[in-house]
Amino acid sequence: MNAFKRYLGLLFLVLAPFFIYELVAGAIANIDMTGKKDINNPVIWIIIIAIFTPIAIGLVIFGWYAFRGEYDQLPHRSKEL
Amino acid sequence: MIQSSSAKTIRSVIAASSVGTMIEWYDFYIFGMLSTTISAQFFPKDNPTAALLSTLAIFAAGFIVRPFGALVFGRLGDLVGRKYTFLLTLILMGGSTFLIGCVPSYESIGIAAPIIVLLLRLLQGLALGGEYGGAATYVAEHAPVNKRGYYTSWIQTTATLGLFIALGVILLVKSNMPDASFNAQWGGWRYPFWISILLVGISIYIRLKMKESPMFSKLKAEGKTSVNPLKESFRKKANFKMVLLALFGAVMGQGVVWYTGQFYAQNFLETKCFISFEQSRTILLWAIAFATPFFILWGWLSDKIGRKWIMMGGMLLAVVTYRPIFQLFLQDTTVPITGLNEKNPQPGIEKITVTRENDSLITTTTPHYHINAGINYDIQSTDTVYADKSKAIGHSKEKAVNKKLDSGLYWKFVGLVFILILYVTMVYGPIAAFLVEMFPTRIRYTSMSLPYHIGNGVFGGLVPFIGLLLTSTYTTDPLVGLWYPIGVAALCFIIGMMYLTNKIDRNIND
């Protein structure tokens, strides 16, 4: 099970950049200064990409920790934190 | 080990914490629910600056300011104490909500109006970011070991009850006056904002009489509180990896399930199924009323069998059944546009709207009474007459709108929305106890607040926007917007199943 947890970590390492790529591609495809819908609004895209980028970095770190076996054993007491 | 509080004390702790948190949710929701009227009063679309401020008010308050509020007030709560911190968030929230109801319109004071409203809305987001972690921590730190899930689940009902009260107050005010009076400059739409000050006043009075959490008081007396909770929470690897696990293995999926059940569903009924304004809201009200006790049930059960399986069960059910349930909504509200089995067709009503570009939109609405499907509805078509006479008139497809379901279908829809909210109760009921048990007392407020507000504010709050984005991109599938919550919940389910433990941490007194 621990080996599987570690390999799964690699998947998260790949998924995070993919999500950001999809968001940026979505922004490029939908931003339209003449459009009237929310998805045409560049401000919304800037906010969303700005807030999702650190989250995606968090997913990369999570994947890295998982790959390194940091989650093989979870702490049982707060003193271990 | 600290003795847990007596039954009477814990009841008053729960009441004081829950009422205040519920009022904060109420305050936060009424802005969103009255967004159309608020836009007209403060953010006129023909002013680009006001339109930009409107976008910031809607998006920034939920996505940026809430997690930021979690950091600011979480830190304060771990330094100063839970009681005074979540008292401060309540005052901030109540004060800013009341003041939104007092701001003169754009017509009276120009661009100052949207700027003031934006600032007040940001304060609301900040306060909400600080409230939940404080309330959950405060109740959990008073609760007996074997009833932590049960007692904190009362806090979990507040977000849903806040929505329920916000919906109820708005419907009540709206039903007692004509639309023109409700939408007037100093009209009925302001009443829900003004009511807030009364509710907050009562809640502040109750909270002032409360004592500090016993666990935090002990830490403080021993001089063991954290000097820098932010650094300890996010720069210490052992704790940071638990913050990441809480976010990706539990709260991210909980956030999307929550928003899909309580917001996306109502929006879907109104904008995709074209059910009438009133029915789409009362369906949600009934479903919430029936489902709310289940928060308590799952919280109680989580004390017996652990938190993980209940939360993961809710996520899995959501992943598997979202599309069939929403497909049923569409299927049952599909009505014929031509060849109607109709009785007493009414003459068409014409509404002409002249746009800025001097083109005219002519909306024709014809009420029909369809006997067999159990739905009354109007048929609407919109033609565009261009100022440039050489351009041909643009005809839109006819569509059935303002659908009113008969009793049988209405209660079937209440049942289906109830199922969606039941999933919400499964993922949300045990989560406060789950988060509290993950982190030590000295940095608990900070550590649990951030993942909670990223999961709910960002992942959950984006359900409508990403749904819209997917629907606009892939136009052939009306259910395509569901792939976002399904995908996020599925990923969270996998992470939760693989990495979380079902073991209940009995001793949170460290």
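## How the model is read

Residues are numbered from 1 along each chain as its sequence is written, while chains are lettered from A and ligands numbered from 1 in the order in which they are written. In this predicted model, local features need pLDDT of at least 70 and side-chain atom pairs count only at pLDDT 80 or more, whereas totals for chains, interfaces and linings use all residues.

## Chain A

Chain A has two helices and zero strands, where helices (H or I, at least four residues) and strands (E, at least two) are DSSP runs, numbered from the N terminus. The radius of gyration of chain A, taken over C-alpha atoms, is 18 Å, well over the 12 Å that the globule rule (2.2 Å times the number of residues to the power 0.38) gives for 81 residues, so chain A is more spread out than a compact globule. Along the principal axes, its C-alpha atoms fill a box of roughly 55 × 25 × 15 Å.

Of the 81 residues of chain A, 21% count as buried; a residue is buried if 20 or more other C-beta atoms, placed from the backbone, lie within 10 Å of its own, exposed if 12 or fewer, and partly exposed in between. Among the buried residues of H2(A) are Ile44(A), Trp45(A), Leu59(A) and Phe62(A). Just after H2(A), Gly69(A) takes a positive phi of about 85 degrees.

## Where the chains meet

In this model, 27 residues of chain A are in contact with 26 residues of chain B, a contact being two residues whose C-beta atoms, placed from the backbone, lie within 7 Å. On the side of chain A that touches chain B, the elements that give two or more residues are helix H1 (2-30) and helix H2 (42-67) of chain A, and the largest share, 11 residues, comes from H2(A). By class, this side of chain A has 16 nonpolar, five polar and six charged residues, where Ala, Val, Leu, Ile, Met, Phe, Trp, Tyr, Cys and Pro count as nonpolar, Asp, Glu, Lys and Arg as charged, and the others, Gly among them, as polar.

Chain B has 20 helices and five strands, and of its 510 residues, 51% count as buried.

## Local details in chain B

H7(B) is mostly covered, with 22 of its 28 residues buried, and H7(B) bends by about 30 degrees at Ala159(B), the bend being the angle between axes fitted to the seven residues ending there and the seven starting there.

Phe274(B), in the loop between H12 and helix H13 (277-291) of chain B, has a positive phi of about 60 degrees although it is not a glycine. Asn402(B), found in strand E5 (residues 399-405) of chain B, has a positive phi of about 50 degrees and is likewise not a glycine.
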